[in-house]
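Dear colleague,

I would be grateful if you would look through it before reading my notes.

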Amino acid sequence: MSSPTMTVDPSLASHAHPEHRWHSDPILKVEKLTMRFGGLTAVNAVTFNCGRGDITALIGPNGAGKTTVFNCITGFYKPTEGRIGLRHGTMAVWDEFDALTASTHQKIGQGADQLYLLERMPDFQVSRTAKVARTFQNIRLFSGMTVLENLLVAQHNHLMHASGYSILGILAVPSYMHAEKHAVEKAKYWLEKTNLMARADDPAGDLPYGDQRRLEIARAMCTDPVLLCLDEPAAGLNPKESLDLNVLLRSIRNDHNTALLLIEHDMSVVMGISDHVVVLNYGTKISDGTPEQVRNDPAVIAAYLGSDEEVED
């Protein structure tokens, strides 16, 4: 694995924010997250924030607990201890975090200002209601559907609601036709954004690997997430495809103010685009800061390369 002390091309460096938004404008708060499987503690009291409009990288050696954290955030696992708060709207909703925790509810708030406890929600509600989207290390497209159809399927819930769960769609009422047109326009926007418009009518399974990666991200963005979780998005990509991925992820951050949380082993991607890096080792957080801070942290260097004591006889 590449050392976190590696030199990074300045042209790939992310645009630093004047303040650390994971402190000043957090959209996700993970507090004392612990996950045990029998006698094994996979994640041990991990705490970190993700800022609105930040790219946060969750890194660490194999077996560090990164995917377990992802699975807890996205509802696939229910953590043994800890809480995971996700905010919609203004910062004021965080004032209700303790009250929500003390209640038996999944969310609290009014109008656009909502606060969710993700650990209390099943995975489909984390995606549909809390607006957390996820891609996987192993690509999960509908390979027999066209590229365009994959992006329309991502908007299925909205279209079903607009159709009155079939009858309004069958009758082609104006409200449904408007929703359908909007869905197609959104799909076309993301096809343009990912340079896939020319392949819109091709089966998704026929795309080259790098194009499939971008399509999976486009499909996730069609759900209008407030938090996009990416599990090793650069895995299997060649250098040019990795550069294209960097451009796409920075564009999502800059143009849509979406918070991105990614697991990644490619340090050139991590250090090139991240605003914030969280490092795990054996299920415990060992570093949390800017890419520069993390790259020079002795604890991180030891975790990746081994300390002097570990290599002595």
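Predicted model: local features only at pLDDT ≥ 70, side-chain atom pairs only at ≥ 80, totals over all residues.

The protein contains 14 helices and 11 strands. Of its 313 residues, 50% are buried. The accessible surface of the protein amounts to about 14500 Å², and carbon and sulfur atoms account for 53% of that area. As for the contacts between residues at least 6 apart in sequence, 68% of them link residues at least 24 apart.

I turn next to the sheet. Five strands form an open sheet in the order S2-S1-S4-S6-S5, with antiparallel pairing. At its edges lie strand S2 (40-51) and strand S5 (107-110), each of which pairs on one side only. On average, and with direction ignored, neighbouring strands of this sheet are turned by 10 degrees against each other. As a general point, the strands of a sheet pair through backbone hydrogen bonds, in either a parallel or an antiparallel manner.

S1 and S2 are antiparallel and share eight bridges, and Phe-37 stands opposite Leu-40 in S2. The hairpin of S1 and S2 has two residues between the strands, and in this hairpin Gly-38 adopts a positive phi near 65 degrees. S1 is also joined to S4, in the antiparallel sense, by five bridges; here Val-30 stands opposite Ile-84 in S4. Strand S4 (residues 81-88) in turn connects through four bridges with strand S6 (residues 113-117), again antiparallel, and Gly-85 is placed opposite Leu-117 in S6.

Helix H2 (residues 66-73) lies across strand S1 (26-37), S2 and S4, and runs at about 115 degrees to S1.

The nonpolar interior is the next topic. In soluble globular proteins, nonpolar side chains tend to be buried together. The largest nonpolar core of this model comprises 41 residues, and those with the most contacts inside it are Ile-59, Leu-151, Leu-215, Ile-217, Leu-228, Leu-249 and Ile-252. Which residues are in contact with Ile-217, leaving aside its neighbours within four places in sequence? They are Thr-135, Leu-228, Leu-230, Leu-245, Leu-248, Leu-249 and Ile-252.

Ala-45 has a positive phi of about 55 degrees, although it is not a glycine. Ala-45 belongs to strand S2, and it counts as partly exposed because its relative accessibility is 43%, which falls between the limits of 20% and 50%. Asn-195, likewise not a glycine, has a positive phi of about 60 degrees. Asn-195 is located in the loop between helix H8 (174-193) and helix H9 (209-221). Is Asn-195 buried or exposed? Its relative accessible area is 64%, so Asn-195 is exposed, the limit being over 50%.

With kind regards

Key
Residues numbered from 1 in each chain as written. Heavy atoms only, no water. Pairing = 2+ DSSP bridges. Axes fitted to C-alpha atoms, helices over the stretch in contact; angles between N-to-C directions. Contact = heavy atoms within 4.5 Å. Core = buried A, V, L, I, M, F, W, Y, C linked by side-chain atoms within 4.5 Å. Buried < 20%, exposed > 50% of the residue type's maximum accessible area, 1.4 Å probe, protein only. Areas by Shrake-Rupley, 256 points an atom, 1.4 Å probe, with all protein chains shown as cover.
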